[in-house]
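This briefing goes through one protein structure by topic. Please look at the sequence and the model before reading on.

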Amino acid sequence: MNSYGNIDSVVPVDPLAEVWDYLEPAKSPALSAPRGPQAAAVPALTSIGAPPLPDGNMWRTEELLSQGLSKRRMNEHLRYGSLVRVRTGVMVRGTFWRGLSDDDRERARLAAYCHRTLRVTADGLTFSHTSAARLHRLYLWRADQLIHVIIPYHAASGSHAADVRAHSGLLLPGQRIEIDGLPVTALDRTVLDCAQILNYRQGLILLDHGLRLGCNREWLESACAGLVGARGVTAFRKALAFANPLSESPGETLTRDAIAKLGFPDPVLQLRVQTPRGAYRFDFAWPHLRAALEFDGKAKYFDYKPTAEVIFEERQREKLLAEQGWRILRIDWKGLFDERGLKVRLLRLLRG
């Protein structure tokens with residue numbers, strides 16, 4: 001199995017449950033164990049004689065039974081955390097699960113659904129909407145945790161698990177691809193589907209990222225024009241008109257939207273400025289005013305280099321930029337959602 005994304009500790013009600021020979025629910029603190037490579041080690045089961053897990057990271061219950069693991073032994077693995085149940089009838093290796101990021105757990109949740117469902121039904125389902133967006137690794141902000149699939153027939157009530165939304169429809173040639181072995185709608189179709197179920201700001205974040213990844217804007221505009229009167233099309237049309245692939249994060253997208261809503265002049269995005277210590281790129285800049293705005297998200301400081309090193313280098317560049325006459329305003333998530341405070345700070349910045 002490839003590494004995919006996030007799961008709730010509560011197993012959804014599954015209408016196909018009778019297909020599987022299930023285990024008793026595990027009463028284990030394993031699901032709340034620390035995540036990532038620094039997580040505490042899980043006690044070994046060799047002392048109680050439990051057979052080792054087979055190769056791989058994800059199994060259906062029947063696969064483990066066929067490998068000689070009894071229900072009692074599986075429950076022991078679940079209690080000790082060497083197995084984690086991510087969905088009814090599907091378990092993953094505990095060390096693998098704890099090493100996943102939140103986004104990868106979301107993708108693992110989709111893989112678990114596929115690992116079970118496609119062995120039972122041959123309905124041609126394709127992951128779509130926000131589920132497809134997660135597989136494409138598109139930015140999502142406050143999106144639902146449902147599993148969305150497109151199926152080529154009308155889904156009967158109760159035919160899918162409670163956390164699954166089945167959308168009836170046909171995909172045109174080229175609109176269905178595979179990502180990490182999972183069937184998923186192509187990028188353009190994914191963005192189109194998502195934009196119709198997301199609100200304006202959610203859709204704008206997705207559209208900015210989709211365009212940056214190569215989504216066809218003309219195709220989206222044409223598709224939008226054909227959705228007159230459809231639910232969600234007004235927010236979709238508004239977001240698409242304002243979307244800009246130069247925004248590099250959800251925070252930058254929302255900052256750009258806030259600047260526009262507050263009535264300030266449009267900034268230049270990603271302006272590159274040369275300094276004696278190398279080039280610097282402003283998130284937002286008004287070059288004629290020598291004014292710039294930077295959005296400080298957590299990822300900027302924690303994803304690539306040690307925090308102290310990143311901050312030191314950035315402060316050194318800022319000193320050089322100040323010597324060139326630049327005035328820089330920094331905002332974070334809290335400042336972004338303080339509309340009145342942001343307006344005051346931007347007025348001071350642009351008035352000098």
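What share of the 352 residues of the protein counts as buried? The share is 49%, where buried means under 20% relative accessible area, exposed means over 50%, and partly exposed lies in between (1.4 Å probe, protein chains only). This is a predicted model, in which local features need pLDDT of at least 70 and side-chain atom pairs count only at pLDDT 80 or more, while totals for chains, interfaces and linings use all residues. Residues are numbered from 1 along each chain as its sequence is written, and side-chain values use heavy atoms, with hydrogens and water left out.

**Overall make-up**

- The protein has 14 helices and 12 strands; helices (H or I, at least four residues) and strands (E, at least two) are DSSP runs, numbered from the N terminus.
- Among contacts with a separation of 6 or more, 65% join residues 24 or more positions apart; a contact means heavy atoms within 4.5 Å.

**Nonpolar cores**

- A nonpolar core is a set of buried Ala, Val, Leu, Ile, Met, Phe, Trp, Tyr and Cys residues joined through side-chain atoms within 4.5 Å.
- The largest one has 26 residues, and Phe127 and Val149 touch the most other members.
- At least two residues of this core come from each of β2 (83-87), β3 (90-93), α3 (94-98), α4 (102-120), α5, β5 (147-151) and β8 (182-185).
- The biggest contribution to this core is that of α4, with six residues.
- Leaving out residues up to four places away in sequence, Phe127 touches residues including Leu110, Tyr113, Cys114, Val149 and Leu182.
- Another core, of 23 residues, lies apart from the largest one, and Leu192, Val233, Phe236 and Ala239 are among its members.

**Helix α7**

- Helix α7 covers residues 200-212, which makes 13 residues.
- From its first C-alpha to its last, α7 reaches 18 Å, close to the 18 Å expected at 1.5 Å a residue; the expected span is 1.5 Å times one less than the number of residues.
- Why is α7 described as largely enclosed by the rest of the structure? The reason is that 11 of its 13 residues are buried.
- Those buried residues include Tyr200, Leu204, Asp208 and His209.
- They pack against α5 (129-135), α6 (187-195), α8 (217-225), α9 (233-242) and α10 (250-261).
- At the start of α7, a side-chain oxygen of Asn199 comes to within 3.2 Å of the backbone nitrogen of Arg201.
- Just after α7, Gly214 has a positive phi of about 110°.

**The β9-β10 hairpin**

- Strands β9 (residues 268-275) and β10 (residues 278-286) pair in the antiparallel sense over seven bridges; two strands pair if DSSP finds at least two bridges between them.
- The two strands form a hairpin, with two residues between β9 and β10.
- Within this pairing, Leu271 is opposite Phe282 of β10.

**Cysteines**

- How many disulfides does the count come to? There are zero, a disulfide being a pair of cysteine sulfur atoms within 2.5 Å.
- Cys114 is buried, at a relative accessible area of 6%.
- Cys215 is also buried, with 7%.

**Leu146**

- Leu146 sits in the loop between α5 and β5.
- Leu146 counts as partly exposed because its relative accessibility is 22%.
- The C-alpha atom of Leu146 is 9.7 Å from that of His129, 17 residues away along the chain.
- Neighbours within four places in sequence aside, Leu146 is in contact with Arg109, Thr130, Ser131, Arg134, Asp163 and Arg165.

Methods. Polar contact = N/O pair within 3.5 Å; in protein donor to acceptor, adjacent residues only side chain to side chain.
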